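Hi everyone, thanks for making time today. I'd like to walk you through a structure that may be new to you, so please have a look at it with me.

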Amino acid sequence: MVRTFYAELLASSSLREDAIAVAGRTFELSEFLVKVAGVTQVGATFPHAVTYHASCHGLRELHLRDEPLQLLREVNGLKLIEMARSEECCGFGGTFAMKFADISAAMGNSKGESVAATGAEFVTAIDPSCLLHLQGILGKRHVPARTIHLASILAQTGSAQVRP
Amino acid sequence: LSATAAQRFLQDAAVKSADLVHRELIRRGMESYDAAHLKGRARIKDWEAARQKCQEVKREAINHLDRYLLQFEEKVISRGGHVFWAANGEEACAYVKDLAIRLGVRTVVKSKSMVTEEIHLSPALEKVGIKVWETDFGEYIVQLRDEPPYHIVTPAMHLNRGQIAKLFREKVDPGIDSDDPAYLMAAARRKLRQAFFAAEMGISGANFLVADAGVIAISTNEGNGRLCTSVPRIHVVVTGIEKVIPRLEDLAVLWPVLATSGTGQGITTYSTLIGGPRQPGEVDGPEEFHVVLVDNGRSQLLADAEQREVLHCIRCGACLNICPVFRHVGGHTYGTTYPGPIGSVLTPHLVGIKEFKHLSYASSLCGACTSVCPVKIDLHHHLLQNRRNATEAGATKSSERLMFRAWRHAMLHPRIYALGGWSMRKILRIIYGLGLAGSILDPMRVWNRHRSPLPLPSESFRARWRKDLGAN
């Protein structure tokens with residue numbers, strides 16, 4: 001949003017230059033860690049089976065395909081399971097989820113089936129809005145997998161209880 | 001009172017997206033396409049460079065449409081062909097209809113063309129008693145079912161072989177006793193061969209109009225295109241003005257990229273160039289050759305600098321195939337000639353933003369379409385621009401405008417925002433506590449109809465930040 005769409009939204013506004021300046025110094029977390037800080041091992045421990053959903057805006061606006069996976073692969077004890085159609089949209093899409101609730105839910109259900117088929121305990125992503133939507137979808141379908149943001153996994157030390 | 005296009009879309013989408021048999025059929029089709037597309041792309045040494053080149057060729061053509069179309073016209077006329085400039089669908093249909101009547105045409109064979117669907121040419125001809133045969137296998141099937149194409153490249157992909165066998169038994173030959181694809185093809189071929197030799201007029205579209213050579217280029221896989229354009233004594237090409245490309249050599253990249261994006265093929269089985277009627281000394285080809293150049297809203301789009309590149313589209317269908325909305329609601333739900341992302345972007349320009357603005361909202365803006373488009377049309381950003389244009393034209397609902405005004409107010413006044421969050425948590429806690437989630441009293445009922453209610457935090461993020469997080 002900040003990186004691509006602020007400048008578009010403010011195209012005819014005096015704030016456009018500011019928006020571009022802010023975009024230039026704004027990073028997604030995995031992007032910052034891997035590309036700017038050059039870190040993939042953050043010392044996290046998360047002994048669970050996890051599947052990764054590639055959030056659209058991270059993948060296609062910011063072109064982050066491998067960065068989150070690189071970080072997940074370095075988490076101690078984490079077992080990464082690839083889901084089918086991991087790069088297909090989960091169906092959230094902001095107001096789309098309310099205006100076209102049936103389509104959004106159908107897309108979410110497809111994603112939920114992909115998550116369930118992996119048998120993973122957690123589904124993670126870099127976009128909290130995908131996870132917000134999937135949490136409700138998985139709950140409704142009684143899929144045991146829980147949602148967790150990538151940042152929360154990277155913050156786990158393995159000693160305490162999982163805190164999403 | 002008849003339902004609006006938007007209401008019909010919502011109703012049909014609700015039915016189709018819950019239809020898991022439909023979803024599996026389309027998913028299987030799309031997954032075999034995905035595999036072929038991936039393999040096809042790997043055959044091209046540098047796919048991104050090929051896309052870039054295609055975009056440049058189409059941009060050059062569209063930016064100089066006036067010059068290249070005139071060049072094309074001049075060449076066609078010099079070889080004895082006719083060119084008709086149709087401002088809209090009615091003019092195009094009237095020209096073809098009058099021509100058919102004047103030349104005593106009773107039977108027409110058609111090869112696949114989306115422009116003829118767009119202008120409703122077949123019904124116009126049938127109205128004056130002319131028999132029209134669709135000869136592309138998929139088009140033949142949907143014509144028998146009296147429905148529009150489901151997809152711009154694979155018109156009958158929503159049907160399985162059992163349904164097609166049943167249809168053929170009812171409409172083609174009661175003796176059909178197998179659903180083997182080759183058997184069904186043979187049954188269609190027996191009918192269509194008779195039509196090819198009976199027809200006085202063949203109608204085709206064009207994938208490209210080559211300006212410097214003055215020829216049309218057609219990509220097909222079934223051979224029906226060549227029969228339509230060579231056997232009948234009259235050949236009529238009906239095509240959009242945006243199909244022109246500058247040079248014959250541009251096909252070196254456009255042909256393989258179109259085939260790869262359309263079906264995953266390196267090149268289609270038949271790649272045909274046609275330059276006009278039969279010349280003196282030639283043994284075959286039509287006696288008359290007519291090209292109908294259809295505008296039908298395209299010049300208006302050309303005048304829109306922001307969205308002009310939508311005219312680059314080569315109708316490969318890649319954006320439909322990858323679109324998760326298309327995969328769930330299917331082609332017919334759109335209620336438009338061109339479904340999927342390109343249709344959602346294009347239809348407001350061809351038909352009207354008021355009636356078809358809803359399609360620009362019926363997208364999660366995931367951007368998958370843009371990532372595969374072989375001519376690099378920024379599809380999902382154009383959807384966003386259509387939304388903006390609809391809002392600026394005052395085409396949004398007053399309840400929605402009120403909601404966004406309230407949201408804006410809350411975003412500008414932190415106390416009101418905090419109060420809103422606080423009262424929403426209170427109200428939802430009571431409603432969820434009473435087990436009324438999803439009921440008419442639940443302000444989140446649209447969300448909760450398909451999802452379990454979100455757990456309510458005990459306090460706001462800002463309260464936590466002040467107390468706890470911010471201090472760290």
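I'll begin with chain A as a whole and then turn to one helix pair in chain B. Please keep in mind that this is a predicted model.

So, what is chain A built from? It has nine helices and four strands. If you follow chain A from the N terminus, the order is α-α-α-β-α-α-β-α-α-β-α-β-α. The radius of gyration of chain A is 17 Å, close to the 15 Å from the globule rule for 164 residues, so chain A is as compact as a globular protein of that length. Its C-alpha trace spans about 50 × 40 × 25 Å along the principal axes.

How much of chain A is buried? Of its 164 residues, 48% count as buried. Now for the contacts in chain A with a separation of 6 or more: 72% of them come from residues 24 or more positions apart.

Let's move over to chain B. Here, please find helix H2, residues 20-43, and helix H12, residues 251-263; their axes come within 7 Å and cross at roughly 155°. Because angles over 145 degrees count as roughly antiparallel, H2(B) is roughly antiparallel to H12(B).

Which residues make this contact? From H2(B) come Tyr33(B), Ala36(B), His37(B), Gly40(B) and Arg41(B), while H12(B) brings Thr260(B), Ser261(B), Gly262(B) and Thr263(B). By type, the residues of this contact divide into two nonpolar, six polar and one charged.

Key:
Residues are numbered from 1 along each chain as its sequence is written. Chains are lettered from A and ligands numbered from 1 in the order in which they are written. This is a predicted model: local features need pLDDT of at least 70, side-chain atom pairs count only at pLDDT 80 or more; totals for chains, interfaces and linings use all residues. Side-chain values use heavy atoms; hydrogens and water are left out. Axes are lines fitted to C-alpha atoms, for helices over the stretch in contact, and angles run from 0 to 180 degrees between N-to-C directions. Helices (H or I, at least four residues) and strands (E, at least two) are DSSP runs, numbered from the N terminus. Angles under 35 degrees count as roughly parallel, over 145 as roughly antiparallel, 65 to 115 as roughly perpendicular and the rest as oblique. Contact means heavy atoms within 4.5 Å. Ala, Val, Leu, Ile, Met, Phe, Trp, Tyr, Cys and Pro count as nonpolar, Asp, Glu, Lys and Arg as charged, and the others, Gly among them, as polar. The radius of gyration is taken over C-alpha atoms; the globule rule is 2.2 Å times the number of residues to the power 0.38. Buried means under 20% relative accessible area, exposed over 50%, partly exposed in between (1.4 Å probe, protein chains only).
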